Structures are given as structure tokens and as C-alpha cells.
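Hi everyone, thanks for making time this morning. Please have a look at the screen while I walk you through this chain.

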Amino acid sequence: QVQLQESGGGLVQAGGSLQLSCAASGRAFGTFAMGWFRQAPGREREFVAAISWLSGSTSYADSVKGRFTISRDSAKNALYLQMNSLEPEDSAVYYCARKRNPWPTKDLGEYNYWGQGTQVTVSS
């Protein structure tokens, strides 16, 4: 059993920054990857970033490259998403997710554990 809990969302002005956190509990073997996805009202869920837990290899959506950084703290079983230069288009509910294999892919269908989400609102 794996449980994921996001935190750190909130309201921020355009150009500002936020850091999201995801606390993981349960089994953590290391041979997995974790990612961030987001979903805005009326839109489908989309990939943001992913990281292989052991190697640290990362993958990013084109829309966030250069602005967002995904990282993890293995000792704390914690996942982070540092978001800089935020834009109104970044407003969404952000979810952390985990997949059983270690490759940081962008296909949401490969992730089988999900948190409940945390709201990020960027005002202009």
C-alpha cells in the first residue's frame, strides 16, 4: 500500500513562486518513479514532470521546462515541485503520482497511485 499526500498549494501572483510537496507512506523499494500532473477546470489531466527515484533522471512537459524543477528526498520519502515564473495558465489542481517501474514517463496511464491534489491559483 502506498499513500500520497500533496501540500503547498495556494494563491500566488503571476511571476511568483511556489513549492509543492508530496509525502509518501507505505512501501518504498526505490525501483519506481514519481511524477506531477495537473488538471484545470474543464480540461483533461496533463503531465508536468517526473523523476526516477534512484537515478534522479527527470522528464518535463515542454510548457514548464526552465520554470519548474522536480526533486525528491529519499530519506524523507518526499517529492517536490519547485515552480518559478508562474503564469495564470499554470492554475490547476496538482497531483503527485507513483508508478511501479523506474522510468520517468509522461503517460498518466502508467501511474497507479495518486494523491488527492492541491490547488494552485495564479492571479494576473
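Predicted model: local features only at pLDDT ≥ 70, side-chain atom pairs only at ≥ 80, totals over all residues.

What pattern does the chain follow, read along the sequence? It goes β-β-β-β-β-β-β-β-β-β-β.

Let me start with the overall build. The C-alpha trace spans about 40 × 25 × 25 Å along its principal axes. For 124 residues, a compact globule would have a radius of gyration near 14 Å, and the 13 Å of this chain agrees with that. Of the 124 residues, 43% are buried. If you take the contacts between residues at least 6 apart in sequence, 57% of them join residues at least 24 apart. The accessible surface comes to about 6,400 Å², and carbon and sulfur atoms hold 47% of that.

Now to the charges. There are 12 positive and 10 negative side chains, with the centres of the two sets 8 Å apart. How many salt bridges does the structure hold? The number is 5, and I'd like to show you some of them.

Let's begin with Asp62, which pairs with Lys65; their closest N and O atoms are 3.1 Å apart. Asp62 is exposed, at a relative accessible area of 65%.

The next pair is Asp90 and Arg67, whose side chains meet in a salt bridge at 2.8 Å, N to O. Asp90 sits in the loop between strand S8 (78-83) and S9, and Arg67 in the loop between S6 and S7, so this pair ties together parts that are 23 residues apart in sequence. Are these two buried or exposed? Asp90 has a relative accessible area of 1% and is buried. Arg67 is buried as well, because its value of 12% falls under the 20% cut-off. Leaving aside residues up to four places away in sequence, Arg67 touches Gln82, Met83, Asn84, Ser85, Leu86, Glu87 and Asp90.

Glu110 is partly exposed at 34% relative accessible area, whereas Lys99 is buried at 0%. Coming back to Arg67 and Asp90, salt bridges that share partners join them with Arg38 and Glu46 into one network.

I'll finish with two glycines. Where does Gly109 lie? You'll find Gly109 in the loop between strand S9 (92-99) and S10. Gly109 counts as exposed, at 63% relative accessibility. Its C-alpha atom is 9.3 Å from that of Lys99, a residue 10 places away along the chain.

Gly115 is in the loop between strand S10 (113-114) and strand S11 (118-123). With a relative accessible area of 12%, Gly115 is buried. Which residues does Gly115 touch, not counting those up to four places away in sequence? They are Leu4, Glu6, Tyr95 and Cys96. As for Trp36, its C-alpha atom is separated from that of Gly115 by 9.9 Å, while the two residues are 79 apart along the chain.

That's my tour, and I'm happy to go back to any part of it.

Technical notes
Residues numbered from 1 in each chain as written. Heavy atoms only, no water. Helix = DSSP H or I, 4+ residues; strand = E, 2+ residues; numbered from the N terminus. Rg over C-alpha atoms; globule rule 2.2 N^0.38 Å. Buried < 20%, exposed > 50% of the residue type's maximum accessible area, 1.4 Å probe, protein only. Contact = heavy atoms within 4.5 Å. Areas by Shrake-Rupley, 256 points an atom, 1.4 Å probe, with all protein chains shown as cover. Lys, Arg positive; Asp, Glu negative; His and termini not counted. Charge placed at Lys NZ, Arg CZ, Asp CG, Glu CD. Salt bridge = Lys/Arg side-chain N within 4 Å of Asp/Glu carboxyl O.
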